[in-house]
Amino acid sequence: MRRVNVKNISKKFNIGYVKNQGFLARLLSFVWGKENKKEITVLSNISFSANSGEVVGIIGDNGSGKSTLLRVMAGIYGADSGEVEINGKVVSLINLGIGLKERLTMRENIFFTGSILGMGQKEIKDKFDAIVEFSELAEFLDTKIYQFSSGMIQRLLFSVAAHSSPEVLFLDEVFEVGDEHFRRKSEKKMEELISQDVCTILVSHSLELVKKYCNRVIWLEKGKIIKEGDPTEITTLYFNKQS
């Protein structure tokens with residue numbers, strides 16, 4: 001089943017434009033001169049699709065548009081043109097930490113985050129112990145999130161998301177945070193999700209990870225698709241370009 005269909009997506013950002021500048025900012029602009037405003041194209045006519053059980057990797061240099069594309073697909077950013085069709089329940093692991101309530105405990109955030117990810121209260125209760133066990137953070141259940149490290153937040157969010165029965169999963173460098181033990185554990189959980197026909201879109205700088213898990217790879221450069229196809233072939237071309 002086709003889960004994701006991206007049609008001619010384009011996105012631009014305005015640089016050097018600030019709304020509602022304060023008095024000091026306006027004064028500095030007057031003294032030093034106004035910053036030139038310009039429009040940059042981040043994505044240009046991007047099109048691809050992905051099916052159930054397929055893992056599509058997105059690679060490219062910093063600033064190539066990888067994360068912006070994922071955010072447009074997840075509905076965090078609006079596209080300037082084109083459209084994204086999603087068929088199924090989406091779970092996005094993007095901007096780890098956003099969505100958690102810092103003044104709530106881990107226990108409370110599991111219920112809060114689970115509900116945001118489309119889980120009912122009964123489902124969260126049924127999976128609560130499994131979520132906690134996977135995160136390996138049981139001793140912090142009644143600790144407020146503002147006291148968590150970035151690695152602990154990553155563990156918590158991945159644990160909730162992985163147990164929320166996604167049909168479409170967006171991952172943005174989620175294995176870059178945390179210790180090696182939890183990265184391996186997360187990868188194993190991802191293998192489990194893939195075996196359950198979850199459609200996964202993976203943004204990563206790790207070419208080894210992309211080759212290991214992806215059925216297909218998209219190489220972005222300056223907001224455009226340069227190559228798309230076999231993971232080994234595309235990652236080798238990309239690596240050789242970097243050398």
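These are my notebook entries on one predicted model.

**Overview**

I began with the whole chain. I count eight helices and nine strands in the chain. Of its 243 residues, 44% are buried. I then looked at how far apart in sequence the contacting residues lie. Among contacts between residues at least 6 apart, 75% join residues at least 24 apart.

**The sheet**

I traced the open sheet next. Six strands form it, in the order β5-β6-β7-β3-β8-β9. The pairing is mixed. Which strands stand at the edges? I find β5 (90–93) and β9 there. Each has a single partner strand, so one side of each is left without a neighbour in the sheet. From one strand to the next, the twist averages 15 degrees. I also looked for a helix on this sheet. Helix α2, residues 66–74, packs on it. I see α2 touching β3, β5, β6, β7 (199–203) and β8. The direction of α2 makes about 150 degrees with that of β6.

**Strand β8 and its partners**

I stayed with β8, residues 216–221. This strand is mostly covered, with five of its six residues buried. On one pairing, β3 (residues 55–59) runs parallel to β8, and four bridges join the two. Here I find Ile 59 opposite Trp 219 of β8. In the other pairing, five bridges join β8 to β9 (residues 224–229), and these strands run antiparallel. Glu 221 stands opposite Lys 224 in β9. I noted the general rule too: strands of a sheet pair through backbone hydrogen bonds, either parallel or antiparallel.

I followed the chain out of β8. Lys 222 is found in the loop between β8 and β9. The hairpin of these strands has two residues between them, and Lys 222 takes a positive phi near 50 degrees. Is Lys 222 buried or exposed? I call Lys 222 exposed, because its relative accessible area is 71%, and the cut-off for exposed is over 50%. I still find contacts for Lys 222 beyond its sequence neighbours within four places: Val 42 and Ser 64. I also checked Leu 43. Lys 222 and Leu 43 are 179 residues apart in sequence, yet 7.4 Å apart in space, C-alpha to C-alpha.

**Ser 164**

I turned to another loop. Ser 164 lies between α5 (150–162) and β6 (168–172). Ser 164 is buried, because its relative accessible area is 0% and the buried cut-off is under 20%. Which residues does Ser 164 touch, not counting those up to four places away in sequence? I list Lys 89, Val 91, Leu 117, Met 119 and Glu 123.

**Helices α4 and α5**

I took the helix pair next. α4, residues 121–135, packs with α5 at an angle of about 140 degrees. Their axes are 9 Å apart. The crossing of α4 past α5 is right-handed. From α4, I find Ile 131, Phe 134 and Ser 135 making the contact. From α5, the contact residues are Arg 155, Phe 158, Ser 159 and Val 160. I sorted the contact by class: four nonpolar, two polar and one charged residues.

**Cysteines**

Cys 199 is buried, with a relative accessible area of 0%. Cys 214 is also buried, with a value of 8%.

How values were computed. Residues are numbered from 1 along each chain as its sequence is written. This is a predicted model: local features need pLDDT of at least 70, side-chain atom pairs count only at pLDDT 80 or more; totals for chains, interfaces and linings use all residues. Side-chain values use heavy atoms; hydrogens and water are left out. Buried means under 20% relative accessible area, exposed over 50%, partly exposed in between (1.4 Å probe, protein chains only). Contact means heavy atoms within 4.5 Å. Two strands pair if DSSP finds at least two bridges between them. Axes are lines fitted to C-alpha atoms, for helices over the stretch in contact, and angles run from 0 to 180 degrees between N-to-C directions. A crossing is left-handed if the near helix is turned anticlockwise from the far one by less than a right angle, and right-handed if clockwise. Ala, Val, Leu, Ile, Met, Phe, Trp, Tyr, Cys and Pro count as nonpolar, Asp, Glu, Lys and Arg as charged, and the others, Gly among them, as polar.
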